[in-house]
Amino acid sequence: MTDAIELPSVLDLVAAPGLLENFLQRRGHDLILDAGQVQRVGGQCLQVLLAAHAAWAADGHNLLLQNPSEPFIDMLALMGLSPDELTHHVSAKNGETEQ
Amino acid sequence: MEDPLAAIRVTFFQECEEQLSELESGLIAMENGTAESETVNAVFRAVHSMKGGAGIFALDELVRFAHVFETALDKVRSGSLEATPPVVAIFLRAADILADLVRAARDGGAVDQARVADVVKAFDEIEGQKEIPGSHEEEMVADPSEAQDNVWEVTFTPYPALYAKANEAALLLRELNRLGETEIKLDTSLLPELLELDPEGAYLTWLITLKSDCEESDIRELFEFVEDDCRLEIGRSETEGFAPGTVITGDNGFKFEFFPPMEEEIEEETEVKVVEKKKEEAAPKPVEQALVHASAVQAMVTKAETANSVAPTIRVDLDRVDRMIDLVGELVINEAMLSQRVLEAGINRASGVAMALEELEHLTREIQDSVMAIRAQPVRSVFQRMPRLVREVAAMTGKQVRLVTEGEATEVDKTVIERIADPLTHMIRNAIDHGLESTESRIAAGKPAEGTVRLTAVHRSGRIVLEVADDGGGINRSRVRQKAVENGLILPDAQLSDEEIDNLIFLPGFSTAAKVSDISGRGVGMDVVRQSIQALGGRISISSRPGYGSTFTLSLPLTLAVLDGMVVSAHNHTLIIPLGAIMETLKPRAEDVFPLDGDLNMLALRGGYVPVVDVAHCLGYSVQHAEPEQSVALLVEGEGGARAVLLVDAIHGQRQVVIKSLEANYRAVPGIAAATVMGDGRVALIVDVDAVVQNAGAESNAHTAELNNLEISGGAA
């Protein structure tokens, strides 16, 4: 089964604990992250995203990123990442990860 | 995140104001030759921090100018540029522009680009003089665009505290991006498993390769505000330069690790060494490289030390302080009421209750004083604006002026400080424009070419006394008199003492209009100054000696929350009349009272006539007029020096009262300025003397100055 999380617009330190909680609850399932609303990404949410990515990869589940917003991509780039590095797909079954 | 940022922005501008003050006072110390070695550092730091903060908020114009300024200051700091008077003068102008830029950034608006360009050019010229022809490094400074790009390697590891303080790694990286071409790599090796992740922890390290012609200090500066909250390493990617880089680290203070450079490395360094190169030029013999570095280290250490030596302060919302002042006011009133009740209950003064109450009273007063002290600020903040004003006015008038300030540390309520700035500005303008003679006449009079304006503040018997004194020609009494006659302020044959003539300049409608100038002839006369001082419960006076100059003296209350008042009664109502307005009290004699038509009486007072105001009638307590000879008369002075005699039934004494706003708690009442609560719990109204006097003035249609020369039949309607 595939679960989805819509990322909040501001992913700052205040958002980090909630985001972590969200991931922990959905662990063991395929997950789609909708990043369409994201305006700002802070270091600490990035850590959560990265750790989640590692966890999903280790568990062998899909972690997909959907519809990433401009600011989201820009801020990731500023921090030395591309959206691809936050996604993990076990079987290349759809193209959403290509964004 | 919006709100924290906005709050930081507010703090940034507050800090800017402080830095600007620091900058100004430091530069003035340099100008006066009283600068210590630390002064230059302080000045540099001030500009540097403003630049750093401005960078975060992308105030590019401010950053650009601060950078130019800072570069020049750094040269002074390193000894490669001597702070000669002309150089300091440019610095002062630069400080003015910096202040303008800060204010423009804060409040919007534009800054005179021509002035900015002038100063930037002046900086270029300073550099030009110091340039050694043919020196490669120097050329690079003169034209940074030709400078060869360096490749910097920056390792940036935020600590959790960095995020906790609402700083964002991404924003810092973006700033870094602005310096030049960056390549950012993220090191996630320390990231724990999701389950073990602390969402508020910090596990990431960024490795940034920056291609830029900037200097290490430029990079370091971006991280200045977070330097204690992250690990930052800056090095060059090539082996030359500070290969291992410097390390600033530590959560609680400042730690500086320095890798001593190899000798041959120094020779290969380019821009970073420019300052040292210039030092060589200042002292022709070769300077030991190690020594130079030692001094750089020393500078950093000094910086850290001074940063720690500042007395700790906190910023508190003014509202909170005011609320507390308000509550303490209530406490004082309550305490007074309690005392009264105890007294009424017939409890012996020597009893335990009465004694304890007395102690409570002392304590309450002490609390009140301490709370008032929170709002008190040194007048320095106002005084520090004056040097700039003096420079500008001096430049406009072509006069040479020296401003001497004394008593900057004198403390007074914040509101008083805010509200004396304008009157003081005006008085200083006047002192230079009208008070001081032109340079030629000064020399002709055997005075030093440079005029002196002295601004002093002292505490005197519970008030603050400010003086603005010039050593100019003094008040030209015949001209003042003539002007007053021309403007119809006095009758041509009026006999006035010197003091009275001097005081004519405070009258509305008086202006030495023969010489309207850009500076003081702006339609704002001394009457406005007097008015704003009186609105603060203050008084202004002038003394002048022909040929020796004039002195304006302002006397102001230390706080606006309490008032020294005269408790009086009028038709069974208790009223407070501000003590500052009362000039004298007297018992009128029937033969001195002259009725005019209508309800108005005039009182003959030492050869002049003053309108009589029956307070009870004026405030509507009574339709009957009080008999002047049965009443007590208070001679008061209102706005613009208008005088009146207030008739009340009795005087009950003086006391300090806590001012309660009537507008805020009830509504504005004409003739009443505010209210207070008396010891018996009853509200007493504080009389708005200005309004009452004006009322009387309007009725009598008599002009203030004419009063002294009034002919009863003709002078008043």
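Contact here means that the C-beta atoms of two residues, placed from the backbone, lie within 7 Å. For the complex, the predictor gives an ipTM of 0.87 and a pTM of 0.47.

As for bookkeeping, residues are numbered from 1 along each chain as its sequence is written, while chains are lettered from A and ligands numbered from 1 in the order in which they are written. Because the model is predicted, local features need pLDDT of at least 70 and side-chain atom pairs count only at pLDDT 80 or more, whereas totals for chains, interfaces and linings use all residues.

Chain B holds 24 helices and 24 strands (DSSP runs numbered from the N terminus: H or I of at least four residues, and E of at least two). Of its 717 residues, 36% are buried, with 20 or more other C-beta atoms within 10 Å of their own, all placed from the backbone. Among contacts in chain B between residues at least 6 apart in sequence, 67% join residues at least 24 apart.

At the interface, 25 residues of chain B touch 26 residues of chain A. On the chain B side, α7 (160–164), α8 (169–179) and β2 (181–187) each put in at least two residues, and α8(B) gives the most, with five. That side splits into 18 nonpolar, two polar and five charged residues (nonpolar: Ala, Val, Leu, Ile, Met, Phe, Trp, Tyr, Cys and Pro; charged: Asp, Glu, Lys and Arg; polar: the others, Gly among them).

Technical notes. A residue is buried if 20 or more other C-beta atoms lie within 10 Å of its own, exposed if 12 or fewer, and partly exposed in between; C-beta atoms are placed from the backbone.
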